[in-house]
Amino acid sequence: MAEPALRIENLRKWYPDPGGGRFLAIDLPALAVEAGESVVVRGESGSGKTTLLNLIAGILPADEGVIEIAGDAMTGRSEVARDRLRARHIGYLFQTFNLLPGLTALENVQLGMAFRPRQDESPKDAAQRALERVGLTDRRRHRPAQLSVGQQQRVAIARALAGHPSLVLADEPTSNLDAKRADQCMTLLTDFAEESGAALLVVTHDERMIERFARCETLTVPALEGSDA
């Protein structure tokens with residue numbers, strides 16, 4: 001039986017508080033997302049939604065628990081090893097786009113491919129194909145400041161999808177978009193997951209977007225007794 005694209009068990013992360021102690025930022029007993037499955041995560045402020053994505057991506061180290069990406073453990077690795085695993089398996093769509101202003105759209109997508117081990121297609125070819133997929137072939141030489149907000153978002157989507165990841169993470173992907181562009185953004189993401197067999201995990205407050213998903217998971221703010229004074 002194939003491994004799920006994402007498996008989490010007993011995941012915990014603490015942050016320091018001003019009083020010198022620490023507080024529990026996330027406490028997630030279990031979560032699994034299968035290949036080709038699209039899941040949305042909702043939760044009130046402070047429930048750890050962005051922290052969850054950063055833990056899954058290996059940007060932050062977990063304090064307790066297990067995170068596996070396509071059967072490979074993200075937890076227990078060094079920062080360099082987590083970076084390599086993220087490059088191999090994960091596409092990340094950040095809320096703030098994180099495009100480099102001095103690079104063209106093509107160069108921004110290509111840069112996202114730099115550490116992804118893919119042998120059958122060059123980073124440039126993969127980047128061009130990804131921009132074509134999101135309808136920005138004619139804007140590939142434009143820099144972020146020369147693009148609309150919606151176009152910048154599509155560049156960010158292209159960067160997340162260009163490496164053919166097994167898991168796509170999206171942090172509030174529609175928060176800066178109007179209703180029409182939000183629908184287009186979510187359609188691009190869900191269609192990619194369905195067509196490629198990638199898993200999609202989306203964090204959002206947008207109720208209209210939540211309604212598009214067959215499966216919704218809710219994060220709750222960890223109980224106060226979880227804090228360590």
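A salt bridge is a side-chain nitrogen of Lys or Arg within 4 Å of a carboxyl oxygen of Asp or Glu. R42 and E207 meet this condition, with their closest N and O atoms 2.6 Å apart. The two residues belong to distant parts of the chain, since R42 lies in strand 3 (residues 38-43) and E207 in helix 7 (residues 207-210), 165 residues apart. R42 is partly exposed, its relative accessible area being 28%. E207 also counts as partly exposed, at 41% relative accessibility. The model is a predicted one, and in it the rule gives a count of 13 salt bridges.

The table lists the pair already described together with two others.

| Salt bridge | Closest N and O atoms |
|---|---|
| R42 and E207 | 2.6 Å |
| R7 and E68 | 2.9 Å |
| R139 and D138 | 3.1 Å |

How far apart in sequence are the parts that R7 and E68 tie together? R7 and E68 form a salt bridge with closest N and O atoms 2.9 Å apart. R7 is in strand 1 (residues 6-16) and E68 is in strand 4 (residues 64-69), so the pair ties together parts that are 61 residues apart in sequence. R7 has a relative accessibility of 22% and therefore counts as partly exposed. E68, by contrast, is buried, with a relative accessible area of 16%; the limit for buried is under 20%.

In the pair of R139 and D138, the closest N and O atoms are 3.1 Å apart. R139 is partly exposed, with 28% relative accessible area, whereas D138 counts as exposed at 53% relative accessibility. Elsewhere, salt bridges with shared partners join R7, E9 and E68 into one network.

**The buried face of helix 3**

Which residues of helix 3 (residues 105-112) are buried? They are A105, L106, N108 and V109. These residues lie on the same side of helix 3, because they cover an arc of only 165° around the axis. An α-helix has 3.6 residues a turn, so residues three or four places apart point the same way. The cover over the buried residues of helix 3 includes helix 4 (123-133) and helix 5 (149-161).

Key
Residues numbered from 1 in each chain as written. Predicted model: local features only at pLDDT ≥ 70, side-chain atom pairs only at ≥ 80, totals over all residues. Heavy atoms only, no water. Helix = DSSP H or I, 4+ residues; strand = E, 2+ residues; numbered from the N terminus. Buried < 20%, exposed > 50% of the residue type's maximum accessible area, 1.4 Å probe, protein only. Arc of directions from axis to C-beta. Contact = heavy atoms within 4.5 Å.
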